[in-house]
Amino acid sequence: MEKMTMKLRGMHCASCANSIETMTRSLTGVASSNVNFAIEQIVIDYNPQKTSPDAIQKAIANLGYETFLPDLSADAQDVDQKARLTESQNLTNKVRLGGVIGMILVIGSLPMMTGLNIPFIPDWLHNSWLQLCLALPVQIWCGSSFYIGAWKAFKNHTATMDTLIALGTIAAFSYSITVTLNPNFFISQGLQPEVYYEVSVVVITLILLGKLFENRAKGETSDAIRKLMGLQPKTAQVLRDGQEYDISIEDVQIGDVVLVRPGEKIPVDGEAIAGNSTVDESMVTGESIPIEKKIGDRVIGATMNRTGSLQVKASHVGKDTVLAQIVQLVQQAQGSKAPIQRLADQVTGWFVPAVISIAIATFLIWFNVMGNLTLATISAVGVLIIACPCALGLAAPTSIMVGTGKGAENGILIKDAGSLELAHRIQTIVLDKTGTVTEGNPTVTDFFTLNFDDRELLQLVAAIERNSEHPLAEAVVEYAKKQGLDLPNVIEFEAISGSGVQGKIDNVLIQVGTRQWMHELNIDTSSLHQYQDAWENGGKTVVLIAVDRIARGSIGIADKVKTSSHAAVNALQRMKIEVVMLTGDNLPTAEAIAREVGIKRVFAQVRPDQKVAKIRELQAEGKIVAMVGDGINDAPALAQANVGIAIGTGTDVAIAASDITLISGDLQGIVTAIQLSRATIRNIQQNLFFAFIYNVLGIPIAAGILFPFFGWLLSPIIAGGAMAFSSVSVVTNALRLRGFRPSSTN
């Protein structure tokens with residue numbers, strides 16, 4: 001299966017999106033299709049052996065919609081913004097014309113609507129031929145988009161919001177033309193020959209006004225991507241052959257040395273090879289405190305260099321930079337659908353046909369009961385116009401767009417809408433210890449030898465550990481280097497996952513690992529236990545050393561707890577979320593760290609292959625479980641958990657397996673992610689309530705359900721205004737999420 005993402009042009013409502021989705025899903029070779037009306041995008045999974053992108057695009061074109069590939073470049077974002085501004089200007093011009101003509105027609109119709117003789121309104125203003133001439137430009141120019149959309153839908157045997165608007169306004173306009181051309185027919189039927197041109201004109205104008213507001217509001221929901229793209233510098237100063245060149249950012253190549261002066265943005269991802277400075281990385285981490293950078297440190301493109309000059313060797317450019325990947329992930333998340341949207345999608349699928357049926361029934365009932373063609377027509381028109389599938393279609397996507405954008409602003413990358421939705425239901429969070437609760441930079445604090453030379457034993461152990469990528473191994477090697485020791489070559493090296501490492505140096509077998517592993521090897525380590533117990537109770541990790549299967553020493557390694565860990569754990573517990581620590585370390589060490597940060601439940605001495613089983617064990621208790629980790633050995637557990645949360649400072653494998661990534665590595669990000677999820681889902685629920693209650697109440701009222709009790713009928717003009725602003729209210733409510741601020745963990 002392959003995935004294809006395309007932008008769509010020509011959609012006017014959620015029913016359009018539903019039609020495209022239904023059609024593409026029926027195509028041979030298409031496994032799934034998701035259309036997001038809010039960002040005008042379609043994501044299709046297809047079998048390249050059975051269909052092709054060209055065939056899919058042609059099928060969509062036959063429905064009357066354009067497709068084109070998305071472009072995330074800053075220039076493309078500018079073009080998209082200009083296109084949206086052009087559309088807004090076009091809508092503004094139509095609203096102005098419709099507004100002026102609509103006001104004239106409404107004033108001319110006041111005597112008819114109120115039954116009063118209003119002396120300051122001249123009789124000629126109510127002339128039906130004059131009103132026809134005034135209404136015609138609005139009907140043709142301003143309403144053309146609705147009629148074209150309705151015709152496209154009709155040709156493809158579907159119905160959309162355009163269908164409802166077209167039927168309603170054409171009905172009012174056609175009725176009025178009939179009255180204008182043949183008033184005697186209505187007089188002969190005992191009816192007043194009144195025209196309703198103002199209904200058609202004002203309804204079209206109000207709906208266009210709603211679309212104008214909606215267009216502007218939807219543009220604001222895309223601010224997150226535009227802001228991110230705007231962070232990227234357009235040029236870079238590179239050093240080539242001893243000369244400085246000012247070149248376009250697109251021309252920077254991997255390996256180029258980029259010069260960055262104080263106050264400038266770093267153009268690309270890379271490594272500092274000269275200079276010393278502090279860098280503000282808040283745009284990707286959400287952390288406002290500048291980070292000190294020295295030779296050998298990694299820097300991120302688009303972050304702000306503050307105090308000193310740096311020379312940066314480019315390691316990632318273009319679409320491979322952190323910023324580009326963040327933009328891609330945000331767009332991917334914004335284009336996905338939350339499960340909560342499924343109900344709205346199902347309703348939208350049959351919504352328009354149902355409304356047309358209700359309008360026909362309304363017309364027949366009123367005509368048969370009251371015998372009044374005018375009353376029946378106006379009531380049916382009201383039903384057609386007040387119905388709004390767009391509010392249902394926009395309810396979830398707009399909130400998801402704003403929510404994922406706010407996540408990116410706070411250093412939280414959310415892979416899809418489903419993850420964002422599920423996060424608010426998390427009941428248990430499992431934290432890996434090393435690199436998650438702790439900083440992941442362990443250092444040797446204690447070294448004990450038993451009947452062996454200290455320097456010689458350290459030399460042997462460090463030589464073995466040099467072949468391992470484990471953080472504890474790196475700590476031992478670093479400690480040996482500080483002692484100025486040369487490390488000999490190792491043969492027959494072997495790493496035993498979750499246990500330790502071993503190898504030979506000059507035919508001497510060196511084994512370094514856990515007490516459990518030494519016990520399994522039948523090596524007596526009892527003489528080392530007093531030191532091990534004391535160190536572990538102090539929260540240190542202890543590895544034991546055996547030379548030719550005889551216990552010869554132990555090393556105590558401390559990994560400092562992150563300053564944010566205790567506050568984050570406390571905040572999660574206040575949110576009624578159980579926090580569990582999962583580690584391969586010994587139980588005393590794990591419990592000491594857990595006590596320090598306030599965690600009450602600990603799984604210790606868990607090998608990497610057992611982590612998945614522990615997650616399943618918690619899920620078997622009926623809990624929604626999130627796993628937080630940063631290492632390669634955490635990836636299976638991250639994938640198994642209901643929500644996998646990767647520490648962004650960890651490995652690419654862990655990040656790829658996760659649903660949510662915390663760029664900064666600060667555990668406060670977990671709290672923020674859950675708070676954001678809760679705020680977003682609450683916002684979606686509000687939107688869906690507004691959309692459903694609006695249609696559930698509005699359609700019966702427009703049909704005249706209140707007339708038998710109160711003698712009150714809904715004017716089509718009021719129905720048009722309500723319909724126009726229903727979508728606007730949903731989008732406006734979603735935009736409130738832009739004010740989201742994470743609560744303090746203190």
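Reader: Which residue just after H20 takes a positive phi?

Author: In this predicted model, the residue is Gly539, which follows just after H20 and has a phi of about 85°.

Reader: What makes the buried residues of H20 line one face of the helix?

Author: Helix H20 covers residues 529–537, and its residues Gln532, Trp535 and Glu536 are buried. Seen down the axis of H20, these buried residues fall within an arc of 95°, so they line one face of the helix. On the other side of H20, Gln530 and Asn537 are exposed.

Reader: What covers the buried residues of H20?

Author: The cover includes the strands E16 (443–449), E20 (541–547) and E21 (550–558), together with the helices H19 (515–520) and H22 (587–597).

Reader: Why is Trp535 called buried, and why does Tyr531 count as partly exposed?

Author: Trp535 has a relative accessible area of 12%, and buried means under 20%, so Trp535 is buried. Tyr531 has a relative accessibility of 28%, which lies between the limits of 20% and 50%, so Tyr531 counts as partly exposed.

Reader: Why is the pair of Phe173 and Tyr197 called edge-to-face?

Author: The structure holds seven aromatic pairs, one of which is formed by Phe173 and Tyr197, whose ring centres are 5.6 Å apart and whose planes stand at 70°. Phe173 lies in helix H6 (residues 161–181) and Tyr197 in helix H8 (residues 197–221), so the pair ties together parts that are 24 residues apart in sequence. Both Phe173 and Tyr197 are buried.

Reader: What makes the pair of Tyr531 and Trp535 tilted?

Author: The ring centres of Tyr531 and Trp535 are 6.2 Å apart, with the planes at 50°. Planes under 30 degrees apart would count as stacked and those over 60 as edge-to-face, so the pair of Tyr531 and Trp535, at 50°, is tilted. Both residues lie in helix H20, four residues apart, about one turn of the helix. Ring pairs also link Tyr531 and Trp535 with Phe448 into a cluster.

Reader: How do you know that the charged end of Lys94 sits over the ring of Trp141?

Author: The charged end of Lys94 is 5.7 Å from the centre of the Trp141 ring, and the distance limit is 6 Å, with a further condition on the angle to the ring normal. Lys614 likewise lies over the face of Phe603, at 4.7 Å from the ring centre.

Technical notes: Residues numbered from 1 in each chain as written. Predicted model: local features only at pLDDT ≥ 70, side-chain atom pairs only at ≥ 80, totals over all residues. Heavy atoms only, no water. Buried < 20%, exposed > 50% of the residue type's maximum accessible area, 1.4 Å probe, protein only. Helix = DSSP H or I, 4+ residues; strand = E, 2+ residues; numbered from the N terminus. Arc of directions from axis to C-beta. Contact = heavy atoms within 4.5 Å. Phe/Tyr/Trp six-rings, centres within 6.5 Å; stacked < 30°, edge-to-face > 60°. Lys NZ or Arg CZ within 6 Å of the ring centre and 35° of its normal.
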